[in-house]
Every structure is written in C-alpha cells, then in structure tokens.
Amino acid sequence: MFLPILCIFSLILSSSHAADFCVGDLAAPEGPAGFSCKKAEKVTIDDFVFSGLGKAGNTSNIINAAVTPAFASQFPGLNGLGLSLARLDLGKGGVIPMHTHPAASEVLLVTQGKICAGFISSANAVYIKTLVKGDIMIFPRGLLHFQLNGGGVPATAVVSFSDPQPGLQILDYALFGNDLPTQLVTGTTFLDEAQVKKLKAVLGGTG
C-alpha cells in the first residue's frame, strides 16, 4: 500500500517541476522535435512577443498573395507549445494554390475582405465557402485546401496551426516546379506534354 502512494507522490512532485516553456535557441540546429531550449537566464519578454504580422506582405508575385509566418523559427517563444501563426494577404485576384500542411490542422480568421476557401477530404468530398470579415474556417490536418480572393479588394486573414512547424507542400510546385520528368507527369496525370511543359516553364521546373 505504501509503495503505490509513494509513486503517486513522486509523480506529483516531478510534474510540478516541469518546464513552463521551452523558448527556442535559434542559434542551435533545429531537430524533428523543434529547437533546443534557450537557457533560462537568457530568456526575455521579447521571446514571447512577435510584431511581424502587423505589416502587409508583398503580393507583387505570380499568385498575387503573401504569407507572413510566425513559426518557431521566427517566434521562438512558440517552440514546444504546439502552435504557430501566420498572416495571409490576398491582392485582387490573389490565390493560395491547392496545398497541404502535413504536420498541422489550420484555423483561418478573415480580418478584411472576402476569401473563397475550401478543402477536399480523403473521400474526395469538396467543402467550399466564401468567407467575410469575422468568419472562421477549419482545415483538417493533411488535407488539400486553398484560399482565393473572393472580392474586388485586398483581403487579409490570420491563420493558426496546431504545430509550431506545420510544413507546406503546394500541389502545383510538387508537379511542375521541380525536375520530375515530363513523361512521368503526363503518365500519372491526364495532362498532355505541351501542357506540362508550359506549366514547368511558368513555375520554374525542368525535365
């Protein structure tokens, strides 16, 4: 009887000494579990404050959009806490192409304009909604999803992820922005060679 009680008491004591946080040491290499912890005496309030989302991103690019991340590598206070943030700016006609976050689910809050957003389930069911200021939408982990400007004025949103490093794979770039041979792309899609070469030229791919 005494031994189980002693074990429980020991667990309570050990858990009470668990670290409150693990501010990432950005000078150290990042591993699969994130950054190692900065020494406690070197942690400051600035590690827990990030001001980078207050400024609009540069949307002068092929997709007329910008994503400003607040991941562990930009915001070290997030390290080990299981979350991260980003700002999404969509210019007129802007789009975030079909993509996935392998490590995280996503929550999007529209703060300006209209955003048409959607995702595709593993059963190929499609869920699409045009969101307005104040609307929130969830994108489950690993599913293909997109956002595009749903109005004639710039749109912005704040997104949160369930991991400090959510990961990103954009479908268009996975197919056409690398050196995957054209013959393999045509053989695994319904696109002809001319279409594949045109998309590779636009997205910087070779092969």
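This tour visits the disulfide and the aromatic pairs of the structure, one selection at a time.

The model is predicted: local features need pLDDT of at least 70, side-chain atom pairs count only at pLDDT 80 or more, and totals for chains, interfaces and linings use all residues. Residues are numbered from 1 along each chain as its sequence is written, and side-chain values use heavy atoms, with hydrogens and water left out.

**The disulfide**

Please begin by selecting Cys 22 and Cys 37, which are joined by a disulfide with an S to S distance of 1.9 Å. The term denotes a pair of cysteine sulfur atoms within 2.5 Å. A search of the whole structure finds one such link. Viewed along the S-S bond, the link of Cys 22 and Cys 37 is left-handed, with an angle of -110°. The pair links distant parts of the chain, 15 residues apart: Cys 22 and Cys 37 each lie in the loop between helix H1 (2–16) and strand E1 (65–70). Helices (H or I, at least four residues) and strands (E, at least two) are DSSP runs, numbered from the N terminus.

Next, display the surface around these residues. Cys 22 is buried, at a relative accessible area of 17%, whereas Cys 37 is partly exposed, at 45%. Buried means under 20% relative accessible area, exposed over 50%, and partly exposed in between (1.4 Å probe, protein chains only). A further cysteine to select is Cys 116, which is buried, with a relative accessible area of 16%.

**The aromatic pairs**

The structure holds five aromatic pairs. Rings of Phe, Tyr and Trp (its six-membered ring) pair if their centres lie within 6.5 Å; planes under 30 degrees apart count as stacked, over 60 as edge-to-face and the rest as tilted.

Select Phe 21 and Phe 48, one of these pairs: the arrangement is edge-to-face, with 5.1 Å centre to centre and 75° between the planes. Phe 21 and Phe 48 are 27 residues apart, and both are found in the loop between H1 and E1, so that the pair links distant parts of the chain. Phe 21 is partly exposed, with a relative accessible area of 38%, and Phe 48 is likewise partly exposed, with 34%.

Then move to Phe 119 and Tyr 127, whose rings are stacked, 5.0 Å centre to centre and with 25° between the planes. Phe 119 is buried, at 13% relative accessible area, while Tyr 127 is partly exposed, at 44%.
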